[in-house]
Amino acid sequence: MKQPIKHATIVDIAERLGISASTVSRALSDHPHIKKATKELVKNVADELNYLPNPNAKNLKINRTTTIGVIVPQIKHDFFSSSISGIEQAANEAGYTIIVCQSNESFEKEILNTKVLANHRVAGIIVSISQETKNSRHFQELVSRHMPLVFFDRVCNDVKASKIVIDDYKSAYNAVKYLIGKGYKKIVHFAGPQGVEIYERRLKGYTDAINDSDITFNPEFILHAGLYLSNGYESMDYLFSKNIIPDAIFTVNDPVALGAYKRIKEAGLKIPDNVAAIGFSNNVISTVVDPPLTTIDQFPFEMGKRAAELLIQHIQNSSLEPKTIVIDAQLVERGST
C-alpha cells in the first residue's frame, strides 16, 4: 500500500484513480449523478490518503462559513473560560465551530482581532469588549458589512447589535443592601476601572444602596483599582495605611476580594468576624478559600450559550432585529458574610 500523502488534495485522489478532479469532488459531495461504485472508490482512496476537505475553499465558493469568532478580554479568567464553554456547546450543537481570540484588555488588539476574524469570513462574531475600549468604530464597521454580531457581559451600547447581560446595577444594589441588612455599616467598595460601563453600574448600585439607607455616604470608602488579586491586596493595604478598618467590603469581582482576604489575614483580622466580604462572578476558587466567599453568580456558561444561540439566529435570519437579553444574577451566601 502506498504511503498517505501529507495534506492530500482532490487532485491526489483523482490521479490515484485516473479520473477527473471534478468527478472526485462530486463523489465526495454525494452528487446523485455519480455512480455508487465510484463514490465508494473515491471514499476508500480518500480514507487511505487521510484526505480532509479544505473548509476555506468551500467557504470561498459559497461565501459563508460555519465558524463563529469569539473575542474575550482574557481566556484565563474563570468567567470567560466558562462563557467560552457555553458558546462552544451551543455552536457545536448547531453544527458550528468556534475560533477564540483574546484582546488581553487591549483596544488595539481587539481591533486586530476583529479584522482577522472578518478576513477569515467567519459567520458571525461574539464579543466581550476590553476595558480600554471607549470607541466602537471597529464594531460599527462590522455591522455596516452585515456581519452578525452579539455582545455579552461588557457591551457597546451605541452599536446596533444584540446583547446578553446581567443587571449589574441591581446585583450590586442587592448585595450592599444584604450587607446593610446584616448590620454592617462601614462598607467599602473596591471598584473596577473607571469608564467601563459594567463597573460603573456596580459602583452606582453600591452608592444608591448606601444612600437609600441610614448610613452616611463616605467617598473615601470607594477605591478604584484593577481586576486582579494584587489590586485587592493593595487596596486593602491602602485602607490599613489610612487606619481605616471597614466592617465589610464589596468588590468588583472575586479575584479582588481574594486579594483583600490575604491582606486582612496578614493583619491578624478574621473574616467575617472583623471584616465581611462579598465578591462578584462566583469564580471556582471562591468556594475553596477559607471561609468560602459570598458572591454574585453571573451564570457565565448560560450567558455564553445564550449568546451563541442568539448569534446563530442572526446568521440564519438576517432580518432578525437586535435585542437585549438580561440574565438574572444570584447572590450566593457563604461564610464570608
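The lining of the second largest cavity splits into 6 nonpolar, 2 polar and 1 charged residues. Here Ala, Val, Leu, Ile, Met, Phe, Trp, Tyr, Cys and Pro count as nonpolar, Asp, Glu, Lys and Arg as charged, and the others, Gly among them, as polar. The lining residues are Lys 185, Ile 187, Tyr 206, Ile 210, Ile 215, Thr 216, Phe 217, Asn 218 and Phe 221. A cavity is a set of points, on a 1 Å grid over the protein atoms alone, where a 1.4 Å probe fits but cannot get out; a pocket is an open set with protein on both sides within 12 Å along at least five of seven lines; lining residues have an atom within 4 Å of a point.

The model is predicted: local features need pLDDT of at least 70, side-chain atom pairs count only at pLDDT 80 or more, and totals for chains, interfaces and linings use all residues. Residues are numbered from 1 along each chain as its sequence is written, and side-chain values use heavy atoms, with hydrogens and water left out.

The whole structure holds 2 cavities of 30 Å³ or more. Of the 14 residues lining the largest cavity, His 77, Asp 153, Tyr 199, Arg 202 and Gln 298 are the closest to its centre. Helix 5 (78-93) and helix 9 (197-211) are the elements that give two or more residues to this lining. Helix 9 gives the most, with 3 residues. Helices (H or I, at least four residues) and strands (E, at least two) are DSSP runs, numbered from the N terminus.

The table sets out the volumes, each being the space filled by probe spheres set on grid points joined across faces, edges and corners.

| Space | Volume | Lining classes |
|---|---|---|
| Largest cavity | about 110 Å³ | 7 nonpolar, 4 polar, 3 charged |
| Second largest cavity | about 30 Å³ | 6 nonpolar, 2 polar, 1 charged |
| Second largest pocket | about 400 Å³ | 8 nonpolar, 5 polar, 2 charged |

The second largest pocket has 15 lining residues. His 146, Met 147, Pro 148, Ser 318 and Leu 320 lie nearest its centre.

Now helix 6. Its buried residues (under 20% relative accessible area; exposed is over 50%, partly exposed in between; 1.4 Å probe, protein chains only) are Phe 107, Glu 110, Ile 111, Asn 113, Thr 114, Leu 117 and Ala 118. Seen down the axis of helix 6, they fall within an arc of 160 degrees, so they line one face. That arc is taken from the directions from the helix axis to the C-beta atoms. On the other side, Glu 108, Lys 115 and Asn 119 are exposed.
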